[in-house]
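Here is a short briefing to read beside the sequence and the 3D view.

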Amino acid sequence: MNSSPQQSAVDSDVKIGDRDALVAVSDVSFDYEESRILEQVSLTVGRGEFVALVGPSGCGKSTILNLISGVLAPESGSISADGLTHHNDRLGSVSYMQQKDLLLPWRTVAENGRLGLELRGVPKSESTDRVRELATSFGIEDVLDSMPNELSGGMRQRVALLRAVLPDNSVILLDEPFGALDAITRSSLQRWLSEVLDRSDKAVLLVTHDVEEAILLADRVLVMAPNPGRIVAEEKLDIDQSIGSDAMLTGEFIGLKRHILDLLNDQEMGFGASL
Amino acid sequence: MTLLFATRGRVIEWLPAIATTVALVVLWEVLVAVLDVQRWLLPAPSVIFTELFDSFAFLMGHAGTTLAEILIGFAVSIVLAVTIASGIIWSRSVERSIYPMIIASQTIPIITLAPLLIIWVGTDITSKVIVIVLFTFFPIVISLVSGLRSVDQEMVDMFRTLGASPWQIFSKLMIPSSLPSFFAGLKVAAVVSVIGGVIGEWFGSSSGLGWLMKIAGGQFQTARVFAAIVVLSILAMALFAAVVAVERWSLRKYPPTANRVIRLGDS
């Protein structure tokens, strides 16, 4: 099943500087068909921390999540998530919500939601109960018996997130979870996400190209540049996110947004100048 | 249920086919009468229908033999095709060793093989079943393999991140995703299975529509040959309709990921 390079021997001697870092990526490079996608990427996500990774499309943001989740194996460097250093061990132990909802059209919402538990061998009655417990806070309690094609895009994303987090892993990876939605649905789901995710003992890594989304949700923002993908800046945020959408109108918020956009633009300019 | 209670909408759907058939039959009847064609050379539709009516029980008896051969052959083909397609999906070496043989099997002129089959396994039902399997397993294998292969890679990755084993990915994702292709193959197989049955019977049997056509043809009972052809066509259409009915039922239960009917030109 796994066609990715199997150079995982280096995985075993990961050095975690921060004792409580649930995710530690160090000096990871990755090639695809002879071209370098990621160059020497290092990052950590601590327990209870929400980190956003922003960058232009095609800069390898999703590849980082594929590497942390174990879908891909790194060319060089080491990755640890929840203490698991081999990519095959991480499969099934890291919650990963992909960009598309990827709901199975022949399963009801409840059956889609419990897929992760079902694959682990949890009995149907127990996994269905677990879906019901979370369904109310996810706002999908009325559609549990509906088929995915009867749901709106926003509802489908809620189901996809529930499916990803139901196995209760410590590490949660989100790849542009609301990228395909309209602006109004997106902003309401962003606020909802910050409420619904119990992150006290979890590490959340969000990939997005939406700078506002990153500032609204994250404790820390990492800025990426393309060709090859690398992390070029880091911004620690301590603004009050509790005031929801109004937060976006404060001078502090706008200043931060400008600053991060400048960091992104600098990269593009730098790249352009070197040509 | 919808098959039993054909609605008015369905009758309208079938109208063009019925009108075309009736027009051709009338043309045929008129041309045979006007050109005074000999009955043993080309019987008029009215003569064929008379034969069909007079020998109905006789024809049905032989149709039963052929239908039994087809159903057994079809079942064997499905089991064989599912096994081979799964082997091809699971192992590159199975694929490399078996694919050339599958294609080679389709280049065997079955008309030359059929008499040998009679010598090898005798004139009972086995020889007919083998011929039907040779005709039908190929379209099923090819379409099933392409269906299993066409599964969305992102879906596979999603299953992997949830900790799915290869077997779970196969059974819970790839098999349901491959149903539309599988049924496309089954529909081709349903129609060619009838030809397989007739060819199998042609070379050594004591009953069946193929045997009947051979005997009647030899005795210049051309109307009976045509009556048997009519029964065979109805048999093929009924098999095709049965596959379509099962397809509708299973695709309602397992809807495909992309669920769109593409129609070019007039609707």
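In this predicted model, helix H1 (residues 61-69) of chain A lies across E1, E2 and E4 of chain A. The helix runs at about 120° to E1(A). The three strands belong to an open sheet, ordered E2-E1-E4 in chain A, with antiparallel pairing.

**The sheet under the helix**

- The edge strands are strand E2 (35-46) and strand E4 (76-81) of chain A, and each of them pairs on one side only.
- Neighbouring strands of this sheet are turned by 15° against each other on average, with direction ignored.
- Strand E1 (residues 21-32) of chain A and E4(A) run antiparallel and are joined by 5 bridges.
- Which residue is the bridge partner of Ser26(A) in E4(A)? The partner is Ser78(A).

**Chain A overall**

- Chain A holds 9 helices and 9 strands.
- Of the 275 residues in chain A, 43% are buried.
- Look at the contacts in chain A with a separation of 6 or more: 70% of them join residues 24 or more positions apart.
- A cis peptide bond links Asn227(A) to Pro228(A), with omega near -10°.
- Pro228(A) sits in the loop between strand E8 (220-225) and strand E9 (230-236) of chain A.

**Where the chains touch**

- On chain A, 16 residues are in contact with 16 residues of chain B.
- Helix H4 (residues 115-119) of chain A gives the most to the side of chain A that touches chain B, with 3 residues.
- That side of chain A divides into 10 nonpolar, 4 polar and 2 charged residues.

**Two packed helices in chain B**

- Two packed helices are described by the angle between their axes and the distance between the axes.
- Helix H3 (residues 56-90) and helix H10 (residues 222-253) of chain B pack at an angle of about 40°, with their axes 11 Å apart.
- H3(B) is therefore oblique to H10(B).
- The crossing of H3(B) and H10(B) is right-handed.
- H3(B) makes the contact with Leu59(B), Ala63(B), Leu67(B) and Ile70(B). H10(B) brings Ala227(B), Ala228(B), Val231(B), Leu235(B) and Leu239(B).
- By class, this contact has 9 nonpolar, no polar and no charged residues.

**Ile88(B), a residue of H3(B)**

- Ile88(B) lies in helix H3 of chain B.
- Is Ile88(B) buried or exposed? Ile88(B) counts as buried because 21 C-beta neighbours lie inside 10 Å, and the cut-off for buried is 20 or more.
- Leaving aside neighbours within four places in sequence, Ile88(B) is in contact with Val94(B), Glu95(B), Ile98(B) and Val145(B).
- Thr66(B) is 22 residues from Ile88(B) along the chain, and their C-alpha atoms are separated by 32 Å.

**Positive phi in two loops of chain B**

- Asp36(B) is not a glycine, and its phi is positive, near 55°.
- Asp36(B) is found in the loop between helix H1 (8-35) and helix H2 (45-54) of chain B.
- Asp36(B) counts as exposed because it has 6 C-beta neighbours inside 10 Å.
- Phe220(B) has a positive phi of about 55°, although it is not a glycine.
- Phe220(B) is found in the loop between helix H9 (209-218) and H10 of chain B.
- Phe220(B) counts as partly exposed because it has 13 C-beta neighbours inside 10 Å.

Terms used. Residues numbered from 1 in each chain as written. Chains lettered and ligands numbered in written order. Predicted model: local features only at pLDDT ≥ 70, side-chain atom pairs only at ≥ 80, totals over all residues. Helix = DSSP H or I, 4+ residues; strand = E, 2+ residues; numbered from the N terminus. Buried ≥ 20, exposed ≤ 12 C-beta atoms within 10 Å, placed from the backbone. Contact = placed C-beta atoms within 7 Å. Nonpolar A, V, L, I, M, F, W, Y, C, P; charged D, E, K, R; others polar. Axes fitted to C-alpha atoms, helices over the stretch in contact; angles between N-to-C directions. Parallel < 35°, antiparallel > 145°, perpendicular 65-115°, else oblique. Left-handed = near helix turned anticlockwise from the far one by under 90°. Pairing = 2+ DSSP bridges.
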